[in-house]
Amino acid sequence: VIEVYAITKAPGPRAPGLHTIENGGLAAVCSSASEQEISADELWRRQEVLDALMRDCDLLPVRYGSTLDDDGAAERLLEERRDELTEALDRVRGAVELAVRVAGDGDGHGGAGDGAVYMRVKTRLLEMHKALSDLARESRELAPGRSAYLVSRADIVAFVARVAALEEANEDLSFLCTGPWPPYSFVTP
Amino acid sequence: MSTLADRDVALVDLIDRLLGGGVVIAGDITLAAADVDLVYVGLRALVTSVATAEEKGLLGPLQKTALERSAL
């Protein structure tokens, strides 16, 4: 049984403990499946492997815990989904994912809540989402106030500066920007 | 994500992404729902250091919601 970490263009990156399976211009970066118990440390270990890989190449991260029977199954996967995976890799080329969470101090407590305050916060969230989307190649709102942005590597600094500027201009809201992540939220069109 | 505190705060985003994002392949997802709960419990164990972030106003109601899921 093997575990698939990521899909890249062939030839795949070389890294200790990992092997690549190639087919039709794509590569699956795999390891033998680990019996590692899931924990925060284990998840960070996975992320560190992906961090190292994404320094050298563009990749599509594969959902954690995805296993296949053997290398042949990985080869078939690349063959069967070549068009979809190739198109996704082209879309994320040279870009990373940045996550932004914005929360208002006013919501979340105060009983039934003030509808007008809620709407005002919501409007501002939309405006900020738009301001950040302008610097991104693509954006996705994962949940209210929680968005993911596909940002070209060259634009990361400008993007983070814009988050900082928004934070300064909206002192009543709290901001959290994390990344760069592999494009977890942008693997499908 | 260089300092420990940053990592703790970023863990919510990491879990959302590793377990909810990425390419879904036609294989077995070895992770059972119970395992996901365990991750959130692990996350809860880290919340003590996140409390510092909360004091600084880094965590809003949305993150707290994510953390509360660990209590389920």
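Guide: Of the 189 residues of chain A, 47% count as buried, meaning under 20% relative accessible area with a 1.4 Å probe and protein chains only. Keep in mind that this is a predicted model, where local features need pLDDT of at least 70, side-chain atom pairs count only at pLDDT 80 or more, and totals for chains, interfaces and linings use all residues. Residues are numbered from 1 along each chain as its sequence is written, chains are lettered from A and ligands numbered from 1 in the order in which they are written, and side-chain values use heavy atoms, leaving out hydrogens and water.

Let's zoom in on H1 of chain A, residues 40-56. Helices here are DSSP runs of H or I with at least four residues, strands are E runs of at least two, and both are numbered from the N terminus. H1(A) has 17 residues and reaches 25 Å from first C-alpha to last, close to the 24 Å expected at 1.5 Å a residue, counting one less than its number of residues. Its buried residues include Leu43(A), Trp44(A), Leu50(A) and Met54(A).

Now follow Leu43(A): together with Phe159(A), it has the most contacts inside the largest nonpolar core, which has 40 residues. Such a core is a set of buried Ala, Val, Leu, Ile, Met, Phe, Trp, Tyr and Cys residues joined through side-chain atoms within 4.5 Å. Among the elements giving it two or more residues are H1 and helix H5 (156-169) of chain A, along with helix H1 (4-20) of chain B. A second, separate core of 25 residues includes Ile21(A) and Val23(B).

Notes
Buried < 20%, exposed > 50% of the residue type's maximum accessible area, 1.4 Å probe, protein only.
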